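This briefing covers a ligand site and some backbone details. The points are grouped by topic after the structure.

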Amino acid sequence: MDLSLNGTQLMVRKAVRSFAREALEEWAGVLDRESRPLPSELTAEMGRINLWGIQAPREYGGADLDGISYTVAIEELSRVSAAVGLGVTVHNSVCLAPLLKFGTQDQLNRYAHELASGKKIGGFTVTEPQAGSDAASICTTAVRKGDRYIINGQKAFVTNGGTGDIFLVAATLDPKKKARGIAVFIMEKNMPGFEVGKVEDMMGVRGNMVSELYFNNVSVPAENILGRAEDGFRVCMQALDIGRIGIAAQALGIGMAAYEAAAGYAAERRQFGRPIGEFQGVAFKLAEMKTGLDAARLLIYRAAHLKDKGLPYSVESAMCKRYASSVAMEVCREALQVFGGYGYVKDLPVERYFRDAKITEIYEGTSEVMNIIIGNAIMKEFERM
Amino acid sequence: MLSILICVKQVPDTGRALFDLKTGSIDRASAENIVNPDDLHALETALSIRDTVGARITALSMGPPGAREALYEAAAYGADRCVLLCDPRFAGSDSLATSRALAAAIIKTGPFDLIITGREAIDGSTGHVGYQLSEILKIPLVTRIHAYNIEGRYITIERLYGHEYQKIRASLPLILSVGREDNRVRFLRLADIAVSSNTAIEELSMDDIGGREDEYGITGSPTVVVDTRKFNHTRSRESIEGGATEKARAIVQRLKKHGILQY
Ligand SMILES: Cc1cc2nc3c(=O)[nH]c(=O)nc-3n(C[C@H](O)[C@H](O)[C@H](O)COP(=O)(O)OP(=O)(O)OC[C@H]3O[C@@H](n4cnc5c(N)ncnc54)[C@H](O)[C@@H]3O)c2cc1C
């Protein structure tokens, strides 16, 4: 067992860290304040350095890196901008990854290169206004008409919705069949009847144009079904298994940013004649932060490592997201406390970290839903005994 | 096609390292090793020359076996060939002994049309190596390169030197020394990182480059470190009162006093 990063993983960390610091940092606050996306030159540069195809094979223009390198990259981006980290992880892990896993050769030819190079940005949408945690209760319908399907319905909270081009869309072929009636379609924004609705005004990750999507009689060729029809729910769940590792890495990145800011401030800020970090009440907060972040990191690496080895990792993925997201929240809460009043004002980024952290406990399955997954696995294991 | 050699040094990230004030040395465990920042600018110059006129880039590093990491990074940026000059007999070399070894390795692995070094390394900050290579190899050195253009066997260089702006034309081979003002290092592509660890690294020992043992390492190094001290650069703040003209006059007066404004 070796718990240290290898040479490639270390170089990935160095490379993404310097990109994030030198190119993204100046934008992070702007995206948040103005609730606007990155300029397109930066999105393109991210394509050149393979951030839109971190694990995609080289033949599609990806970097073909392992899962641990992936989490390292998402952590480093999210340390500087959680909103950019979100866009990248959703594109890579719940759009491109399932496409690569379940896609036909024809689908790969049509979409993999465009996505992995970042020429097109991807998204993944299951959630609807009335179907959140209960994802199998979606109402967007797909009705077969010859060799095409007609899609009608409404999607909510679509990450990359405002800026993306290609979406994996869950729709039901037969609402009565619930989970067993769901199919996933590869849909393009320029298909007639595909409309972007309201872009959400959010508490955090404001640089991502999370939006509604509307489908009015969108006609999609049958060959755009990802995986087998009626197997869509499984495709979605497997996509989320991959995705949650990325969200956990995003949470870790936000937490790291808050922790490092707090530790630096504690060493500098003096009260009662000493740096505040010399007071046990503050140092203990930092100790808890560091311990929690390290534990989260190890859970994330473990899940990514199992995935790399082709072993089951669904529960481990849920556990790392469950844990890393609450650590991020806790770390941001305490980091803000260390900054006192200066943490509460918008001159410093700590309040942004605090607002950004919360979403990691919600999307790609809430913490409660993570506990349902973990709890079910526990009961399955013990009922067998 | 041009052949370019760049010198790459692995250094502790001194910006984050802790110093042991008693021994005057860097606590190596406290900092990651990185490629010396100026050397990345040297590499960037080589890469942009290759982008425009085509070139084959060799990266040469002298250091312990761990310095391979620096060469893998150079390979990820695009170096075509990587050479590690590694021998326990080089240990403790100062800048002069290092330059002797590098020069011998350059002769052994060359010839090269351009040799590009970083201006200085952040661990020793002597800035000697470029000049010493020039002296040993009898190849001219040009610094402070602002812009350049290669035409056949000639290179036209625009350089900013103090208050002077020069445009010079030099024939190859030439040594260039490059620092962080001279270009902006491109970001690494993740796909290039993924394959860089497969790069073959040629290793050269003292026996391969020749020379006597007493020319290298501690015995070949005339430098003696007498004392190491921590410097605190303190800035003092002063506010100037009065109207705009008075303030401007006061500033000009101070700038002249410190020799910053001379006219
Ligand atoms: C910024 C943002 C981006 C998003 N991006 C995407 C995206 O790209 N694609 C996509 O498909 N979705 C996306 N979502 C949707 C997100 O995944 C859902 O919001 C989330 O799954 C929760 O669904 P809900 O909001 O409807 O809450 P609900 O499901 O209504 O849950 C409300 C509360 O009840 C709890 N709860 C529900 N059921 C149970 C239960 N059985 N036991 C215990 N507690 C329960 C929940 O944990 C939660 O606390 C995004 C959301 C946001 C805010």
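The lining of the second largest pocket is made up of 27 nonpolar, 11 polar and 10 charged residues. The model is a predicted one. The ligand takes up the space of this second largest pocket, whose volume is about 1200 Å³.

**The pocket**

- In total, 48 residues line the second largest pocket, and those closest to its centre are Leu240(A), Ile362(A), Tyr363(A), Glu364(A) and Gly365(A).
- Several helices of chain A each supply at least two residues of the lining: H4 (82-102), H6 (232-268), H8 (314-339), H10 (350-358) and H11 (367-384).
- Strands E1 (122-125) and E3 (148-158) of chain A likewise each supply at least two residues of the lining.
- The element that gives the most to this lining is H6(A), with 7 residues.

**The shell around the ligand**

- The ligand has 18 residues around it, of which Thr127(A), Ser133(A), Phe157(A), Thr159(A) and Thr366(A) come nearest.
- By class, this shell holds 10 nonpolar, 6 polar and 2 charged residues.
- E1, E3 and H11 of chain A each supply at least two residues of the shell; these three elements also each supply at least two residues of the pocket lining.

**Polar contacts and cover**

- Ser133(A) has a polar side-chain atom 2.6 Å from an oxygen atom of the ligand.
- In the side chain of Thr159(A), an N or O atom is 2.7 Å from a nitrogen atom of the ligand.

**Backbone geometry in chain A**

- Phe157(A), one of the residues that come nearest to the ligand, is found in strand E3 of chain A.
- The phi angle of Phe157(A) is positive, at about 50°, although this residue is not a glycine.

**Cis peptide bonds in chain B**

- Gly110(B) and Pro111(B) are joined by a cis peptide bond with an omega of about 5°.
- Pro111(B) lies in the loop between helix H3 (95-109) and strand E8 (114-118) of chain B.
- A cis peptide bond also runs from Leu172(B) to Pro173(B), where omega is near 5°.
- Pro173(B) has its place in the loop between strand E12 (164-171) and strand E13 (174-178) of chain B.

Conventions:
Residues are numbered from 1 along each chain as its sequence is written. Chains are lettered from A and ligands numbered from 1 in the order in which they are written. This is a predicted model: local features need pLDDT of at least 70, side-chain atom pairs count only at pLDDT 80 or more; totals for chains, interfaces and linings use all residues. Side-chain values use heavy atoms; hydrogens and water are left out. On a 1 Å grid over the protein atoms alone, a cavity is a set of points where a 1.4 Å probe fits but cannot get out, and a pocket is an open set with protein on both sides within 12 Å along at least five of seven lines; lining residues have an atom within 4 Å of a point. Grid points are joined across faces, edges and corners, and a volume is the space filled by probe spheres set on the points. Helices (H or I, at least four residues) and strands (E, at least two) are DSSP runs, numbered from the N terminus. Ala, Val, Leu, Ile, Met, Phe, Trp, Tyr, Cys and Pro count as nonpolar, Asp, Glu, Lys and Arg as charged, and the others, Gly among them, as polar. A residue is near a molecule or strand if one of its heavy atoms lies within 4 Å of it. A polar contact is a pair of N or O atoms within 3.5 Å; within protein, one must be able to donate a hydrogen and the other to accept it, and residues adjacent in sequence count only if both atoms are side-chain atoms. A molecule sits in a cavity or pocket if more than half of its atoms lie within 2 Å of its grid points.
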